[in-house]
Amino acid sequence: MNANVTVDDAISNVNLLDTLAIPDDLPDIEARALPLLYRSNFDTNFEDRSAFVTGIAKYSEEATRHAQFNDMLSEGLQHAANMYTWRCCSRAVPMAKSNDQPNRTEINEMVVEVLKPEVSKLGSFMRFTLTAIQRFCEEVRRLCHSEKRRDFVSEAYLLTLGRFINMFAVLDELKNMKASIKNDFSTFRRASQFLTAMSDTQAVHDMQNLSMFLATQNKIKDDLKLQMKTIEGYEELLCDVVNICAHMYEHQLYLSPNEKHMFVKVIAFSLFLMDGDAANVAKLDQKKRLSISRLDKIFKTLEVVPLYGDMQIQPFAFVRRSSHYEPSKWPLSDKESDRCHVNIVEKVQSIRSDHESYVTQFAKINNEVAICDRPGNDSENREITSLALSGIQLLCQWSCAVVETISWKLLNPTNPKDNRECPENAEEYERATRYNYSPAEKTALIQIIAMIKGLQSMLGKTESDMSNSTRKCVYVELQAFIHHTINEPLQKAVKHKKDLLASILQSVKDSISDAGNELNRMTDVKGKKKSSAPKGDSANSSSSDIRIPRRTAAPGSTQLYMARTQLESLISDKLCGGKKILRKELDSKTIEKISVFLRKSAHWPALFRLSDSMTEAGELSQLWFREFYLEMTMGQRIQFPIEMSMPWILTDYILSCNEPSLIESALYQLDLYNDAAQYSLFNFNKQFLYDEVEAEVNLCFDQFVYKLSEMVFTHYKQLASCMLLDKRFKAEILRSGTMIRSPSAARFESLLQQRHVQLLGRSVDLNRVVSQRVNMALLKALDAAIWKFESEPLSSIVELDMLIDTNRLCHTLLSDVLHSIAPFDDLFQEANHAVNSPHGRITLHVFWELNYDFVPNFVYNGSTHRFVRARHVFRKTPAREKPPQVGQVYYWGSKSLMAAFMNICNAYSQCIGTQHLKAITRLLHYQGIAVILDELLKMTNRLLNDKIRRHVRNVFNMMPKVCKLPRSDYGSNALLQYYVHHLEAVGKYPELKSEFCQDLRELGNMIVFCQQLEVALGQEEAHDLFLAAAYTGTVPQPPARNAQEQMKQLAKLEDKYSRIHLTEIIDKISPDDGQAAIAKDAELMTKERLCCGLNAFENFLVRIKQMLAADDIWTGGYPTNGVFWIDECVEWYRVYSALQFFLCQPTRDDNEVYAEELFGDSLQWGGLTLITLLGQHRRFEVLDFCYHLHRVNKADGKDEVISGIRLAKMVERIRRFQLLNNQIFIILENQLNENNDDPNERVREFAPPVHPNYANHAARRQ
Amino acid sequence: MHASEAVQQQLKDDWDNREFEQIIADNIKNIANFLSSFELSCRTKLATLSDKLNLLERKVEFLEARVTKGDTLS
C-alpha cells in the first residue's frame, strides 16, 4: 500500500465504489439488513464547553452541570438495567439444611463468593441513589433560591431535571418490584454472617443500611419527597418542569416512544412530588401556573405507559396516590376505561394512509434527486431534511401505537370469561399475551410493525444522502439566521447602548457564525445559482441568499446548545442575568423569528444522528422482554415458551391465519428478535439475555421454516390437484351443490426469493432451507402414493398414475419458486426404490398383483375389453401391505380434493381396462414391462408343462381312443346320445370343470393381458411419436391438388420445422461429434419404436409356441397317415372339444353355474390360443363334436331331452360358443400371420397317395 | 465587543475541522454501506451458484447409485 494517499484521492476512491454494480434484486420485505453497521457519534456531552469563550459564562456553567447530570443519568440507566434483568440467584444456590451439616462452611463460602459481585452492584446502586437524590435536591435548592427564583432556566435544563425525576420513579418501581433482589441479598447476608462474626462494624453497618434500603418499599420516592419538601418554592420549579413536558407532549416534540412516555411519567411523578404538606397542585392551578384540566386530558390520552421493559404503569396512579388528591378535579382520568386508549384496529387505517402518502412523497423526492446528477440545491435539501424529520416522527407515532397497545394489554390480561379460547388454568403471562389479542388486533399489529420496519429500512438505505442534505440545509439555515435575524437587532442594541442584549446577541453570533469561511467564499459561484430558488415564507426566503456560503458541516452539539440557550433566554419571560427581561427590548418580529428558529432547531441534534434516531424511533424490543412476568412466576418458570412470546405469536398468526396479504410481513416480525438481541447486548449489557433470545430464535426459526414449508407444499399441492381435477366432474358436482375451491392466491414468491435473511447476525438462505424441506415432502408424497398402491389391488394403478401426475405438476410449480429441488424423475426413482435395484416397487407390486390376484381371480370380457373379478374365486390372495398413515396433504392436498379424486378413482376400481394398462405402460416403461412379460412367460411355462399337461394326460386316458364323426343321417338327437355315451368317462373327471378350467383361465388371462398391454403400449407410443413429430422432422403430408404442388408445400414445411429439428440443431451447434451421433441414434430409436416386428404380444405367442413344440402330448406325434390325425383322440383340440362339449351343456338345475360366469372369455382364450399355436385351428372347426352337432341340428332341427340335456338349448349354446371362438381365432390369426404374407409358406405339398402296402415305406422316406 | 481575530480564526478552524471529520466519517460510512450491500449481493449470487452445485452433486450421487446397482458395498 502506498502510504502517501491524499485525502482527496481516498475520497475519490470511495466515490468510485458507487459506480460498482452490486445487484441484489430480491424483493425487499425484510427489516433493515445490515451485516455491517458503522456509527459515528459527534455528541461531545459538553466536553468542549470551555472552548466557547465568547459565550455567557452562566450557560457555560450550566453546560458543566448538564454534562454531570447526563453522566449520572446514564449511570442510573445502567442500574435500572441491572435491576430489571436481575434473576433470582438464591433459588439456585444450595442451602445448609441444618446447623450441623458438615459442609455448611463450604456451602456458605461458595454462596458468598457467587453473590458478592452482585451484592456489590446493589451497594453501588444504593450509594448512587442516595447521591443522586442529594445532588438533585441541591440543584433544586440552587434554582429555587429566593434570589434566583425568577431567573431564566433553559428548556434543555428543565428537561434534564425531568429526566432525573423519571429516573427516580423508574428505579424505585424496579426496586419495589424485584423481590428476588431482596431474597438474594438476604441469602448473602445470612451466609456471610455465618462465616464471620462481623468484626468490622463498618461492614455490619453498611449491610444493615443496604438491607433497610432494599426492604423499604417506595424508599427512593419517599426520600426524594422528604428532602424536596424542605426546599422552599420547589413546587414552582417542578411546575416549570411539568409545563415544559406538557408542552413537548402536546406539540409532539418527541422523536421516540421513550421520550413521549417519559414526558407523561415526569408530569405524573412531579405532581406527586409537588403535593407536599399542602394541596400545592390545586394552589398552582388557581394561580394559573398549572392547568389541571390540561393535564387531565394528557393523562386521559395515555392511560398506560411502559415503565421499563414489560413493566407497565398508569401514570395517573402517581397523582391518585398523592395525599391531597381530589377526584372531582380530574374528571377524565379518574375513572379507568375498560378499553385501550389506542384502538389499534382503527388506527391501522390512518397509519396505512400516512404510510402510503409518505412513501409516495419519499419516492418522488428521491427520484428527483437521483435523476439529476448534481448536488441538490437548498430547496431540495430543505425538502429532504423535512422528509427525514417527518419520517422519524411517523416511525415514532407508529411505534407508540404498538408499544402502548402492548402495554395496555399486559396490564389488562384477559380471562376465560372474556375470551372463550382462554383455558381456566392459563397462566398470567399467557393471559396477557397469547389469549389477549383478537385476530383483528394481531393483523393490525403485524401490519403496523411491517410498516415501521419497512419504512426504517427504506430510510436506512438513503440515510447517508439524507444526513448529508440535512447538514447542508442546517448550515445554510444557521448562517442565514445570523445574517438576517441577529445582525439587525445587534446593530440596534449597540446603537441604543443596550449592553446586555448586545453582548448576548454578539455571543450567539460569535458562537455559531462561520466568519472565516464567509470571507473566503463570498464570491463562490455556486451561490449565485441559488438566486432563482423559490421564495417561500420569511424563514425560507432568507436562506436562499447568495451571500451565504455552503458547507456540509453540522454545528457541534455544545455549539448548538450555547446558541439555542442564549437565544431562548432572550425571548424568555423571566429574568436573564441582571434584573431585566430582555424580551421587552426586542421587537416582535425578531422575537417571532427567534422562536421559529428555536422550534426548528429543536430537532436538529436528532437529525445529526439520523441513523440512531431512526433506530430508536422504531425500536420494538419491548415486545420480547418479560422479566417482570418471569419475576411474578416466583421461579415456576425459567423462561416462557414461545407460544407466549409476542414476536412468535405474531409470526405464527401470519402462518396460520390464511390471509395471504400478511405473509410478506413475516420477516418483519422476526426482526423483533433482532431488536431484542441488540437491546440485550448494547443497552442491558447482558449476555444471558442475548443467549435466551438466541435460543428462542433458533426454536422459532425452525418452526417458522417448518410451517412455511408445509404451507408452501400444501398450497402448491392443492393448486396442482385443482389444475388436474377433471373440469366436467367439477362442474357436475357444482351443479349438485358441492363446491371445490381452488386454493386462494398466496404470496409466497417474494418470501421464498429471500436468500439472505438477517437474523441475529446470521444470514439465512430461506429459499434453500425451504427447498430442503419441500424436497423431503415431495419424496414422502411419492412414497405415500406408491405405498398406497402397494396396499391395494391392481386397479388402483390408475389412482397411482394420477397421484404421480399431480406430484409431477406440483413439482413443476414448486421448482419455479424453489431453486434447489431435485429433478422429479430422480425423486420418483428414489421413492420407487429403483435407483440401485433393477426393479422398482411399482413393477414388483404389479407383478405381485398379476401373480396372486389378477391371473387367478379375474375374468376377461371380450365385448368390453375389460377384466373383472370373478364371482367365485379359486385362489385366495395373500394379505397386502397396510396402507400408509400420512396426512391428506401428501395425497391430494385437502379433504375435499381427496374426496373428489377418490370418487373419480372409484370408477376404475372394479375392473382392469385400457386405462389401467395404459397407466401400467406409463409407470413401468419398457424395462418394467419386459420384466413383467418375462415373468408371465415363466408362469405360462409352469402352467403348461405342469398343470395343464397333467389334465390333458388324464383326459386322454378317459377318452375313447377313436371318436369318429357320426353321419348326419342318424339325426342330431342320436349324435348327442353318441357323444354323451362316448365322453361319459371324461365327464366324470372330477377336476374337469374346476381345476382344469381354472388353469386354462389363468393361461387365457396371461395371454389376453399381454395382448391388451400391447394395445395400450401401442397407443401410448403413437401419442409419444405424435408429440415428438415436430422435433424429429416428421412432417405430415399437406393437402394439395397434385403431386408437384404437394412436394413444394412439403419442402416449405420441412424448411419451416427444420429450426426445431433436434438432431439437425445439435449437429450444427454442438462442437462434439459424439453428441451429434448420440442424438441421431436417439432419433432413430424414437422413430423406429412402432416398426413392425417389435410386437410384444406376437413374441409372447411365439415363445409359447416354442414351449408347446417341445412336447408331443399336444400333437400326438407324427400322424400315422402322414397327413394328420382324423378320428384319433391324441391332439390337444380333441381335449378341448371334449371340454367344450361339457361346457355347452345347459344347466340341469338353477343352482349350477355356467362356466362363462366363472371363467368368462379367459377360458376360451387359453384353449383356443393353444389350438391356434399348434396349428389345429382348421381341424378343430371341422372335427369338433359340438360344431358337428350344431351343423346336423341346423339341418334337421330336432329337439329332445337326452340324458337330461335339452338338445335345442344345447345347440343354441354351441352357436354362441362358436361365435366367440371365431372372434378369438380371427384376432389370433391376424396377430400371428400379420407379418408372413407369403402364401407359399402355408401350402404344404404332399406326394401322391400311396397304396397302403407301401405306406410304411413312404413314411420312412418322409 | 467583537470577537477578536484570533477567536474568529479559531471558530473557522473549528468549522473546518468538523467538516473534515464529517467528510471522513461519511466516507467510512459509505465504505461500510458498500461492504454491506456487497455482502448481500454476494450472498445472493453464491446462493444461486450453490443451488446449481447442489443439484449437480445430487445428480452425481444419484448416477453413482444407479451405476453401482446392487454392489454398493464394494
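Predicted model: local features only at pLDDT ≥ 70, side-chain atom pairs only at ≥ 80, totals over all residues.
In helix α25 of chain A, the residues A:Leu610, A:Ser611, A:Asp612, A:Ser613, A:Met614 and A:Ala617 are buried. Helix α25 covers residues 610-617, and because six of its eight residues are buried, the helix is largely enclosed by the rest of the structure. The surroundings come from both chains: the buried residues of α25(A) pack against α9 (257-274), α14 (378-411), α16 (439-461), α17 (463-495) and α24 (604-608) of chain A, and also against α1 (5-67) of chain B.

A:Arg609 and A:Glu616 join their side chains in a salt bridge, with 3.5 Å from N to O. A:Arg609 is partly exposed, its relative accessibility being 30%, and A:Glu616 is likewise partly exposed, at 40%.

A:Ser270 lies in helix α9 of chain A and counts as buried because its relative accessibility is 0%, where the limit for buried is under 20%. Apart from neighbours within four places in sequence, A:Ser270 is in contact with A:Ile165, A:Leu238, A:Val241 and A:Val242.

The partner chain comes next. Chain B has one helix and zero strands. Of its 74 residues, 30% count as buried. The accessible surface of chain B is about 4,800 Å², and carbon and sulfur atoms account for 63% of that surface.

How many residues of chain B are in contact with chain A? The contact involves 51 residues of chain B and 67 residues of chain A. Between them, the two chains bury about 5,000 Å², with 59% of this area on carbon and sulfur atoms. Polar links are present too: 19 residue pairs are in polar contact across the interface, counting pairs with both residues at pLDDT 80 or more. Seven salt bridges are counted between chain B and chain A. One example is the salt bridge of B:Arg58 with A:Glu830, whose closest N and O atoms are 3.3 Å apart.

Turning to the structure as a whole, a search over all chains finds 76 salt bridges. Side chains of opposite charge can pair when their charged atoms come close. A:Glu155 and A:Arg564 form one such bridge, the closest N and O atoms being 3.9 Å apart. A:Glu155 belongs to helix α4 (residues 155-177) and A:Arg564 to helix α22 (residues 557-571), both of chain A, so the pair ties together parts that are 409 residues apart in sequence. A:Arg564 is buried, with a relative accessible area of 13%.

Another salt bridge sits within a single helix. A:Glu1212 pairs with A:Arg1215, and their closest N and O atoms are 3.2 Å apart. Both residues lie in helix α50 (residues 1207-1233) of chain A, three residues apart, or about one turn of the helix. An α-helix has 3.6 residues a turn, so residues three or four places apart point the same way. Both partners are partly exposed, A:Glu1212 at 32% relative accessibility and A:Arg1215 at 37%. Elsewhere in chain A, salt bridges link A:Arg65, A:Arg135, A:Glu138, A:Glu139 and A:Arg142 in a network.

A:Val1035 is placed in the loop between α40 (992-1028) and α41. Is this residue buried or exposed? A:Val1035 is buried, as its relative accessible area is 16%. Residues that A:Val1035 touches, leaving out those up to four places away in sequence, are A:Leu1050, A:Leu1053, A:Glu1054 and A:Tyr1057. From A:Val1035 to A:Leu1053 the separation is 18 residues in sequence and 7.1 Å in space, C-alpha to C-alpha.

A:Tyr1057, one of the residues touched by A:Val1035, also takes part in a surface feature. Together with A:Tyr1031, A:Ile1060 and A:Leu1062, A:Tyr1057 forms a nonpolar patch on the surface, with about 370 Å² of accessible area in total. A:Ile1060 counts as partly exposed, at 34% relative accessibility.

Notes. Residues numbered from 1 in each chain as written. Chains lettered and ligands numbered in written order. Heavy atoms only, no water. Patch = residues over 30% accessible without salt bridge, like charges linked within 9 Å, V, L, I, M, F, W, Y side chains within 5 Å. Areas by Shrake-Rupley, 256 points an atom, 1.4 Å probe, with all protein chains shown as cover. Salt bridge = Lys/Arg side-chain N within 4 Å of Asp/Glu carboxyl O. Buried < 20%, exposed > 50% of the residue type's maximum accessible area, 1.4 Å probe, protein only. Helix = DSSP H or I, 4+ residues; strand = E, 2+ residues; numbered from the N terminus. Contact = heavy atoms within 4.5 Å. Buried area = accessible area lost by both parts, 1.4 Å probe. Polar contact = N/O pair within 3.5 Å; in protein donor to acceptor, adjacent residues only side chain to side chain.
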